[in-house]
Amino acid sequence: MAEIPDLTDEYRKVMKEFALKLEKLAEELLDLFCENLGLEKGYLKKAFYGAKGPTFGTKVSNYPPCPTPDKIKGLRAHTDAGGIILLFQDPQVGGLQLLKDGEWVDVPPLRHSIVINLGDQLEVITNGKYKSVEHRVIAQTDGARMSIASFYNPGSDAVIYPAPALVEKDEEEEEKKGLYPKFVFEDYMKLYGVLKFQAKEPRFEAMKAREATA
């Protein structure tokens with residue numbers, strides 16, 4: 001935001017306050033996840049810490065109307081790489097869909113609401129108790145769509161791996177043994193930059209292979 005010269009000081013102030021409140025909300029949600037999973041309060045936040053703590057950023061996206069949506073992919077299907085995502089949708093124009101039980105489901109616009117999405121890192125840390133959600137944005141003919149997405153992610157040097165307490169709970173389930181790798185978040189992001197629009201499972205497998213040869 002500091003690199004955009006035409007933003008007013010008042011706008012910068014409001015956006016900074018907005019981001020701080022959302023960051024606090026993300027951390028409160030992480031503690032609720034800990035409670036639900038039977039983990040110590042603060043565990044997930046600590047898991048996101050690198051040398052300087054978790055990272056947080058906000059992205060504003062604009063999707064212009066498209067006269068031929070059948071010829072445009074929009075934002076292709078993917079899961080988010082990071083931790084927890086808080087999304088303010090356009091209050092009028094839809095387009096967001098998520099994949100549930102093999103079917104694409106519309107996420108309708110709802111004014112003054114926040115869509116909570118989970119990324120790949122939470123799937124790894126929770127040993128699959130929570131799954132990252134595959135989603136996409138479909139091009140629309142009836143008006144421009146704007147969204148504001150805020151990302152609460154691990155620090156670049158944070159070491160990500162399944163919570164031992166959750167691995168112990170799942171150790172009797174053979175299909176869950178060694179399901180998720182251990183890696184540095186920055187390394188995962190380098191791989192994600194190449195494979196973002198592919199399934200997440202090959203990314204996990206690639207990180208496991210790297211872990212085995214380290």
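Residues are numbered from 1 along the chain as its sequence is written. Because the model is predicted, local features need pLDDT of at least 70 and side-chain atom pairs count only at pLDDT 80 or more, while totals for chains, interfaces and linings use all residues; side-chain values use heavy atoms, with hydrogens and water left out.

The chain contains six helices and ten strands, where helices (H or I, at least four residues) and strands (E, at least two) are DSSP runs numbered from the N terminus. For 214 residues the globule rule gives 17 Å, and the radius of gyration of the chain is close to this at 18 Å, so the chain is as compact as a globular protein of that length. The radius is taken over C-alpha atoms, and the rule is 2.2 Å times the number of residues to the power 0.38. Along the principal axes, the C-alpha atoms fill a box of roughly 50 × 40 × 30 Å.

Of the 214 residues, 37% count as buried; buried means under 20% relative accessible area, exposed means over 50%, and partly exposed lies in between (1.4 Å probe, protein chains only). The accessible surface of the chain comes to about 12,600 Å², and carbon and sulfur atoms account for 55% of it. Accessible areas come from the Shrake-Rupley method with a 1.4 Å probe, and for residues only the protein chains shown count as cover. Among contacts (heavy atoms within 4.5 Å) between residues at least 6 apart in sequence, 78% join residues at least 24 apart. The chain carries 29 positive and 34 negative side chains, and the centres of the two sets lie 3 Å apart. In this count Lys and Arg are positive and Asp and Glu negative, with His and the chain ends not counted; the charge is placed at NZ of Lys, CZ of Arg, CG of Asp or CD of Glu.

In soluble globular proteins, nonpolar side chains tend to be buried together. A nonpolar core is defined here as a set of buried Ala, Val, Leu, Ile, Met, Phe, Trp, Tyr and Cys residues joined through side-chain atoms within 4.5 Å. The largest such core has 33 residues, and those with the most contacts inside it are Phe-33, Leu-39, Leu-44, Ile-84, Leu-122, Ile-160 and Tyr-188. Two or more residues are given to this core by each of α1 (9-37), α2 (43-47), β3 (84-88), α3 (120-125), α5 (185-195) and α6 (200-213). The element that gives the most is α1, with seven residues. Beyond its neighbours within four places in sequence, Phe-33 contacts Leu-44, Ile-84, Leu-118, Leu-122 and Tyr-130. Another core, of six residues, lies apart from the largest one and includes Ile-85, Leu-96, Val-107 and Ala-149.

Most residues other than glycine have a negative phi. Asp-101, in the loop between β4 (96-100) and β5 (103-106), has a positive phi near 55° and counts as exposed at 73% relative accessibility. His-112 also has a positive phi, of about 60°. This residue is found in the loop between β5 and β6 (115-118), and its relative accessibility of 74% makes it exposed. Leu-110 is located in the loop between β5 and β6 and is exposed, with a relative accessible area of 56%. The C-alpha atoms of Leu-110 and Pro-91, 19 residues apart in sequence, are 5.6 Å apart in space.

Ala-81, in the loop between β2 (75-78) and β3, is buried, with a relative accessible area of 6%. Leaving aside neighbours within four places in sequence, the contacts of Ala-81 are Asp-120, Gln-121, Phe-185, Tyr-188, Met-189 and Tyr-192. The C-alpha atoms of Ala-81 and Gly-95 are separated by 21 Å, at 14 residues along the chain.

Phe-197 lies in the loop between α5 and α6 and is partly exposed, at 33% relative accessible area. Not counting residues up to four places away in sequence, Phe-197 touches Leu-75, Arg-76, Ala-77 and His-78. Its C-alpha atom is 9.8 Å from that of Asp-80, which is 117 residues away in sequence. Lys-41, in the loop between α1 and α2, is exposed with a relative accessible area of 66%. With residues up to four places away in sequence not counted, Lys-41 touches Asp-31 and Cys-34. Lys-41 and Ala-163 are 122 residues apart in sequence and 13 Å apart in space, C-alpha to C-alpha.
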